[in-house]
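Please read these notes with the sequence and the model open. They are in numbered points and can be checked one by one.

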Amino acid sequence: MNEIKTLIWKEVTLEWRQKYALSGMLLYVVSTVFVCYLSFNLRRNQLTPIVWNTLFWIILLFTAVNAIAKSFSQERHGRLLYYYSLCSPQAIIISKIIYNSFIMLLLSGLGFIFYAFVMGNPVQDNGLFMICILLSSTGFASVLTLIAGIASKADNSATLMAVLSFPIILPMLLMTIRLAKNALDGLDWSVSTDEITTLLSIDLIVITLSYLLFPYLWRS
Amino acid sequence: MRKIWWKILCIVIIFYVIIMGFMGPVPRLAIINESIRNTYFHVALWLAMTTLLFTSMVFSIRYLNKGRIDDDDIASEIAKSAIFFGILGCLTGSVWANYTWGDPWPNDPKLNGAAVGILIYLAYLLLRSSFEDEQRRARISSVYNIFAFAVFIPIIYILPRLTDSLHPGSGGNSTFGSYDFDNDIRKVFYPAIIGYILLGLWLAELRIRIKQINRVREEALIDAGKL
């Protein structure tokens, strides 16, 4: 536990020292949202809740892929070897997943605020939408962390990251969009229990698998 | 697996399935009509593919535990023949959908799931081809293979059941077994699955042997100092 805490703290400090990474991601979200806003300027009335919802999650998906892709590739080879000698691989993957979920939460929260600010907020049940953001941030972070680990071992990691992660993340994305749709329509929470349990179980499967598989990935 | 009996068995079963599949008695059902014969091909192909992918994952786990490169060869070649079956399954399904649902690619969660599933495994092949070093490739693609199978099953078998799908067993539709799986179909359907699995293993086995022979020859060349 202590090991994980130290590792998370190390990630935060690293991020804080090189602020350009996080601020770069924030700027990425903001400018994408703004591009979408300007593109829809011609026909504002065509921005139905469905389009609003889909656009928002696609922006978040691309943000997530870009933000998490660097979680392994930004570390130098020597530093990785140093960690290898110091701590267990399980602690590293868990700390990375927690840290990435935190980053994703931050990015999607701020992204949502800005998105709602410029594009309007048709969400009727904000509480459920927040749960949706929480579940999807942890889900995206846990899937993409392992994929980033796999992709960082190969040479053309940027392409590989996209190709490997998009099909794998799709069920999660579809479930999230469906849950967010329920939140938009302000449906009763009992309608969405199916989606919430499915999302939670996918998260659980993915985190367990990352925990079990990462040691093998780490060794090479 | 070098024995010949299972290859003969495979050929016999496949011929049995083809002949009985087109000539044998089938129940008369509205809308589906004679196209129910596609059960022997489409449904059986998907089940065979899932079994092969499962086998491939088992070999990947074995590779990670024991570190023998042969296991990785087996895993990747079985996955390749499973992808081949997957594409055939899509094509046969497309023919079937064209005549019963009126559209070769209806917007159906199971179809889209199947397409995504095939994409996942094509990505697996891409991942394999992006490494030079054999052990490294084997280790990393084994990790991905296990991960992929764990995601593949929900995409194909669990998610479509939660939504409305045209396929039986989804969105409140009953499964095949519950209403129209009579004994005539069973007699051909179960052998068909076994036949396709054997065929897939045979395809994989040939390629595995070619790979191993090439490896032995390369090592011999290196030993002789020619490479």
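1. The axes of α6(A) and α7(A) cross at roughly 165 degrees and come within 9 Å. Axes here are lines fitted to C-alpha atoms, for helices over the stretch in contact, and angles run from 0 to 180 degrees between N-to-C directions. That makes α6(A) roughly antiparallel to α7(A) (angles under 35 degrees count as roughly parallel, over 145 as roughly antiparallel, 65 to 115 as roughly perpendicular and the rest as oblique). The crossing of α6(A) with α7(A) is right-handed; a crossing is right-handed if the near helix is turned clockwise from the far one by less than a right angle, and left-handed if anticlockwise. The residues of this contact divide into 19 nonpolar, seven polar and no charged. Ala, Val, Leu, Ile, Met, Phe, Trp, Tyr, Cys and Pro count as nonpolar, Asp, Glu, Lys and Arg as charged, and the others, Gly among them, as polar.

2. On the basis of these notes: this is a predicted model, in which local features need pLDDT of at least 70, side-chain atom pairs count only at pLDDT 80 or more, and totals for chains, interfaces and linings use all residues. Residues are numbered from 1 along each chain as its sequence is written, while chains are lettered from A and ligands numbered from 1 in the order in which they are written.

3. Helix α6 of chain A covers residues 126-153. Helices (H or I, at least four residues) and strands (E, at least two) are DSSP runs, numbered from the N terminus. From first C-alpha to last, the 28 residues of α6(A) reach 40 Å, close to the 40 Å expected at 1.5 Å a residue (the expected span is 1.5 Å times one less than the number of residues). A residue is buried if 20 or more other C-beta atoms lie within 10 Å of its own, exposed if 12 or fewer, and partly exposed in between, with C-beta atoms placed from the backbone.

4. A180(A) is found in helix α7 of chain A. A180(A) is buried, with 25 other C-beta atoms within 10 Å. Leaving aside neighbours within four places in sequence, A180(A) is in contact with N53(A), W57(A), F129(A) and C132(A); two residues are in contact if their C-beta atoms, placed from the backbone, lie within 7 Å. I133(A) is 47 residues from A180(A) in sequence and 8.5 Å from it in space, C-alpha to C-alpha.

5. The axes of α2(A), residues 19-39, and α3(A), residues 49-73, come within 10 Å and cross at roughly 160 degrees. The two helices are therefore roughly antiparallel to each other. Residues making the contact include Y28(A) of α2(A) and N66(A) of α3(A). By class, the contact residues are nine nonpolar, three polar and one charged.

6. Which chain A helix gives the largest share of the side that touches chain B? In this interface, 22 residues of chain A are in contact with 22 residues of chain B. The largest share of the chain A side, eight residues, comes from α8(A). That side divides into 16 nonpolar, three polar and three charged residues.

7. Chain B has seven helices and zero strands. Of its 227 residues, 38% count as buried. A192(B), in helix α7 of chain B, is buried, with 26 other C-beta atoms within 10 Å.
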